[in-house]
Amino acid sequence: MSSQTAPSNPTVDPYQILQIALNADGTITRHREIPNTPPTPDPSHSTPVLSKDIPLNQSNNTWVRIFLHREALDHNSSPKLPLIVYFHGGGFIISSAASSIFHDFCANMATDLHVIIVSVEYRLAPEHRLPAAYDDAMEALHWIKTTPDGWLRDYADLSNTFIMGVSAGGNIAYHAGLRASVETDKLEPLVIRGLILHQPFFGGSQRTQPELRDNDPILPLSVFDLMWELSLPIADRDHEFCNPKVGDGPQFLEKIKPLGWKVLVVGCDGDILFEHQIELVKLMREKGVSVVSQFGEGGSHGVDMFEPAKTKALHVVLKNFILSSLVA
């Protein structure tokens, strides 16, 4: 086997790193207790950002968590806020919209970016392999356009909507964007202005140089390989859900250019997925999509979620992108 298709380090057990166990029926048992944060919908609560959970599809056990800065309640006559529809990370197989790391991240964005956020609790693999998460994403967009929820009705400017995700959530945001690009008329009055792909999770059968180095001590290559193995409908990293250069994805990108959407891709060259993200930017530019890319030096996958200084720097980039994409 050539080095470009070499397997990940066989001495590393990704199941142990992720603290999951594969069951005979194809499901997994998740042993790691990931901290969760409950919503705080009561305006009398001292938190600066209110949040509440609303069912999306009870049969699929999906729901959304809405984040609204309390200042919006005190300035009801102010212009409505741009909307971010957000998808959490976790390799498609772990974590939740309620996970404390993603709850806190969304709450901080609501404060710093002056936006309202709908964070989507989508179905996880392998119990629900892709495209289940993409289906849930589209269901959330259609729910938003018709929901009678007071926060969205009174404070969200649906005509300035952005689809955003981190890691696997960035992959979901991308594929939701592709789907939404061919049914924009069905989504009105929700109007998408851009996609925000934060260290998006993509891959392919050909190994990149960062993958061959495989020097991330927290998330080695074998972990990413296992995530794809458990989430893709077939075990092939050249499936279009993983590799954006194959399948119908490039054709769908051509639908985005006439819509005038902007796409922001944010990452760092210390991310093992860095070159896949660079290739995605190149592909979109080849298709005429308006792309802004921001790649920092060093770092690692997920660094913006854990280092406050990196988070603040990211928020500056996000705020500038959103402001440049808004339509009055």
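Guide: Residues are numbered from 1 along each chain as its sequence is written, and side-chain values use heavy atoms, leaving out hydrogens and water. In this predicted model, local features need pLDDT of at least 70 and side-chain atom pairs count only at pLDDT 80 or more, while totals for chains, interfaces and linings use all residues.

Visitor: What makes α3 oblique to α13?

Guide: Helix α3 (residues 100-113) and helix α13 (residues 308-325) pack at an angle of about 55°, with axes 10 Å apart. Helices here are DSSP runs of H or I with at least four residues, strands are E runs of at least two, and both are numbered from the N terminus. Axes are lines fitted to C-alpha atoms, for helices over the stretch in contact, and angles run from 0 to 180 degrees between N-to-C directions. Under 35 degrees counts as roughly parallel, over 145 as roughly antiparallel, 65 to 115 as roughly perpendicular, and the rest as oblique. The α3 and α13 pair is therefore oblique.

Visitor: Which residues make the contact between α3 and α13?

Guide: Contact means heavy atoms within 4.5 Å. From α3 come Phe105, Asn108, Met109, Asp112 and Leu113. From α13 come Thr311, Lys312, Leu314, His315, Leu318, Lys319 and Ile322. They divide into 6 nonpolar, 3 polar and 3 charged. Ala, Val, Leu, Ile, Met, Phe, Trp, Tyr, Cys and Pro count as nonpolar, Asp, Glu, Lys and Arg as charged, and the others, Gly among them, as polar.

Visitor: Why are α4 and α6 called oblique to each other?

Guide: Helix α4 (residues 132-146) and helix α6 (residues 168-180) pack at about 60°, with their axes 9 Å apart. So α4 and α6 are oblique to each other. Their crossing is right-handed. The contact includes Tyr134, Met138 and Leu141 of α4, and Ile172, His175 and Arg179 of α6. Its residues divide into 8 nonpolar, 2 polar and 2 charged.

Visitor: Why are β3 and β10 placed at the edges?

Guide: The open sheet has 8 strands in the order β3-β4-β6-β5-β7-β8-β9-β10, with mixed pairing. β3 (49-57) and β10 (290-296) each have a single partner strand, so one side of each is left without a neighbour in the sheet. The twist averages 20° from one strand to the next.

Visitor: How do you know that β4 and β6 pair?

Guide: Two strands pair if DSSP finds at least two bridges between them. Here 5 bridges join β4 (residues 62-69) to β6 (residues 116-121), and the two run antiparallel. Arg65 has Ser119 in β6 as its bridge partner.

Visitor: What does α6 touch on the sheet?

Guide: α6 touches β5 (81-87), β7 (156-166) and β8 (192-198), and its direction makes about 135° with that of β7. Helix α11 (residues 274-286) touches β8, β9 (262-268) and β10, at about 160° to the direction of β10.

Visitor: Where are the prolines of the cis peptide bonds Leu130 to Pro131 and Glu188 to Pro189?

Guide: The bond from Leu130 to Pro131 has omega near 20°, and Pro131 is in the loop between β6 and α4. For Glu188 and Pro189, omega is about 15°. Pro189 is in the loop between α7 (184-187) and β8.

How values were computed
Left-handed = near helix turned anticlockwise from the far one by under 90°.
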